[in-house]
Amino acid sequence: MRFLIVEDDFGSRRLLQAILKEFGEIETVVDGEEAIDAFKLAWSEERPYDLILLDIMMPKLDGQQALQLIRSTEKEMGVSAKNEVKVIMTTALEDPANVIRAFNRGGATGYIVKPIQKEVLLDEIRKAGIELPG
C-alpha cells in the first residue's frame, strides 16, 4: 500500500504519518505543486499511490486545484475511472461549498475535517474501498 500525504502543516503531516505507518509506505509533500510532481513520478516508476490525503488550503497550488490536475493527468494517461487514485481531502474548514466542489468538480473519494481523529480517518479510507487490517 502506498500513501501520499499532501499537507503544509508539520503537525498534521506527522499525525497522518503516525496513523498510517503500520499500513504501508508513506511519502509526504508540502504543497499542491509537489503533489502533482510526486503523483506523476509514481506513475512513471510504475508504482502509483493507492491513496492521497490532500489538504485543501496550501501555498502555491491548493488542494482543489491539485485534485483537478491529478484527475486530468489520469485522463491523459488513459487511467480508467475504477483505477483512479483514491483521494481524501482534509481541511480545517467545515465549509459545505468546499465539500461540494471537492466531490463534484474534483472527483474526491472522501473528505475529513480537522482535527483528524484516527478512527474517522481509517473509516473514511475503508469507505473509499481500501482494505486495511484491523
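Start with E124: leaving out residues up to four places away in sequence, E124 touches I88, T109, G110, Y111 and I112. Keep in mind that what you're looking at is a predicted model. You'll find E124 in helix α5. Is E124 buried or exposed? E124 has a relative accessible area of 14%, and buried means under 20%, so E124 counts as buried.

**Helix α5 and its buried face**

Helix α5 covers residues 118-127, and its buried residues are L121, L122, E124 and I125. Why can we say that these buried residues line one face of the helix? Look down the axis of α5: the buried residues fall within an arc of 160°, so they sit along one face. Here's a handy bit of background: an α-helix has 3.6 residues a turn, so residues three or four places apart point the same way.

What does that face pack against? The partners of the buried α5 residues are helix α1 (10-20) and the strands β3 (51-55), β4 (86-91) and β5 (110-113). Just after α5 comes G129, with a positive phi of about 95°.

I88 is in strand β4, and at 0% relative accessibility it counts as buried. Skipping its neighbours within four places in sequence, I88 is in contact with L51, I52, L53, L54, G110, Y111, I112, E124 and I125.

**D55 in strand β3**

D55 is found in strand β3. The UniProt record, an unreviewed entry, places the feature "modified residue: 4-aspartylphosphate" at D55. Setting aside residues up to four places away in sequence, D55 touches V6, E7, D8, G63, T90, T91 and K114.

| Residue | Relative accessible area |
|---|---|
| E124 | 14% |
| D55 | 3% |
| I88 | 0% |

In soluble globular proteins, nonpolar side chains tend to be buried together. In this model, the largest nonpolar core has 22 residues, and V6, I52, L54 and M89 touch the most other members. At least two residues of this core come from each of β1 (2-6), α2 (32-44), β3, α3 and β4. Which element gives the most to this core? That's α2, with 5 residues.

V6 shows what such a contact list looks like: beyond its neighbours within four places in sequence, V6 is in contact with V29, D31, G32, A35, I52, L53, L54, D55 and M58.

**Helix α3, end to end**

Helix α3 runs over residues 63-77. How far apart should its ends be? At 1.5 Å a residue, its 15 residues should span 21 Å, and the end C-alpha atoms are 21 Å apart, which agrees. The buried residues of α3 are G63, Q64, A66, L67, I70, R71, T73 and E74.

Both ends of α3 have something to show. D62 caps the N-terminal end, with a side-chain oxygen 3.0 Å from the backbone nitrogen of Q64. After α3 comes G78, whose phi is positive, near 80°.

Technical notes:
Residues are numbered from 1 along each chain as its sequence is written. This is a predicted model: local features need pLDDT of at least 70, side-chain atom pairs count only at pLDDT 80 or more; totals for chains, interfaces and linings use all residues. Side-chain values use heavy atoms; hydrogens and water are left out. Buried means under 20% relative accessible area, exposed over 50%, partly exposed in between (1.4 Å probe, protein chains only). Helices (H or I, at least four residues) and strands (E, at least two) are DSSP runs, numbered from the N terminus. The arc is that of the directions from the helix axis to the C-beta atoms. Contact means heavy atoms within 4.5 Å. The expected span of a helix is 1.5 Å times one less than its number of residues. A polar contact is a pair of N or O atoms within 3.5 Å; within protein, one must be able to donate a hydrogen and the other to accept it, and residues adjacent in sequence count only if both atoms are side-chain atoms. UniProt positions are given in the numbering used here, feature names are shortened, and annotations may be inferred rather than shown by experiment. A nonpolar core is a set of buried Ala, Val, Leu, Ile, Met, Phe, Trp, Tyr and Cys residues joined through side-chain atoms within 4.5 Å.
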